[in-house]
Amino acid sequence: MFERFTTDARGVVIGAVEHASRAGSPVVTEEHLLLALLDREGGKAAFALTSLGVTDRRAEVVEALAAARRRGGMSKADEDALAGLGISVEEIVARVEETHGPGALAGAERGKAWPSGRPSFTKGSKKVLEKSLRMALARKQKHIGDEHLLLALAAMPGLAGEVLAEFGGTYGGVERVLFGVEG
């Protein structure tokens, strides 16, 4: 599959591995893919992210990802749903951190690095890569570009896709900017 990746798409994957390594993570997550997409310049995904205003809010995106990690990976939608039941996630996080220290719920990402020490990919990040292939094929394109990685990330449920959407990078918006598709 990687032989179909464009230079920009390969750059995103390499950037995601670098983000994971810098964070001391044994695995590459969807979050790392999102951060790598935000780092890139000049590609189709960078154009879409800039057009949608996500690039200008990069610091806020990073902050939202960190806040979600602090909540144990719980999405904002999950937090809102629990609030509707009268459960304050912030209160729970504060109590856990009071007992076990700051970031206690963040935990380490599960998975093992390769024997070489390079991070491996989580199931979720592998699904993003697989979905990017399906999206390229559905458009009858023989290559997988960074735009397909961005579309796949926006389409997937989970924390990275939710944060992306929260800052304007919805699937429909990305598709409209990249392909002129009206949603």
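1. Surface. The model is a predicted one, and in it the protein chain exposes about 9900 Å², of which carbon and sulfur atoms supply 54%. Buried residues, meaning those under 20% relative accessible area, make up 42% of the 183 residues in the chain.

2. Overall fold. The protein chain holds 10 helices and two strands, and read along the sequence these elements follow the pattern α-β-α-α-α-α-α-β-α-α-α-α. The C-alpha trace spans about 55 × 45 × 25 Å along its principal axes. The radius of gyration is 17 Å, which agrees with the value near 16 Å that a compact globule of 183 residues would have. Of the contacts between residues at least 6 apart in sequence, 64% join residues at least 24 apart.

3. Side chains of opposite charge can pair when their charged atoms come close.

4. Asp39 and Arg58. These two residues form a salt bridge in which the closest N and O atoms are 2.5 Å apart. Asp39 lies in helix α2 (residues 30-39) and Arg58 in helix α4 (residues 58-70), so the pair ties together parts that are 19 residues apart in sequence. Both ends count as partly exposed, because the relative accessible area is 37% for Asp39 and 26% for Arg58.

5. Glu147 and Lys44. The side chains of this pair meet in a salt bridge at 3.8 Å, N to O. The pair links distant parts of the chain, with Glu147 in helix α8 and Lys44 in helix α3 (residues 44-51), 103 residues apart. Glu147 is buried, with a relative accessible area of 4%, whereas Lys44 is partly exposed at 47%.

6. Arg57 and Glu60. Another salt bridge joins Arg57 to Glu60, and here the closest N and O atoms are 3.1 Å apart. Arg57 counts as partly exposed at 31% relative accessibility, and Glu60 is likewise partly exposed, with a relative accessible area of 37%.

7. Ser132. This serine is found in helix α7, and because its relative accessibility is 0%, Ser132 counts as buried. A polar atom of the Ser132 side chain lies 2.5 Å from the backbone oxygen of Leu129. If residues up to four places away in sequence are not counted, Ser132 touches Phe5, Ile144, His148, Leu149 and Ala152.

8. Most residues other than glycine have a negative phi.

Notes
Residues are numbered from 1 along each chain as its sequence is written. This is a predicted model: local features need pLDDT of at least 70, side-chain atom pairs count only at pLDDT 80 or more; totals for chains, interfaces and linings use all residues. Side-chain values use heavy atoms; hydrogens and water are left out. Helices (H or I, at least four residues) and strands (E, at least two) are DSSP runs, numbered from the N terminus. Buried means under 20% relative accessible area, exposed over 50%, partly exposed in between (1.4 Å probe, protein chains only). A polar contact is a pair of N or O atoms within 3.5 Å; within protein, one must be able to donate a hydrogen and the other to accept it, and residues adjacent in sequence count only if both atoms are side-chain atoms. Contact means heavy atoms within 4.5 Å. A salt bridge is a side-chain nitrogen of Lys or Arg within 4 Å of a carboxyl oxygen of Asp or Glu. The radius of gyration is taken over C-alpha atoms; the globule rule is 2.2 Å times the number of residues to the power 0.38. Accessible areas come from the Shrake-Rupley method with a 1.4 Å probe; for residues, only the protein chains shown count as cover.
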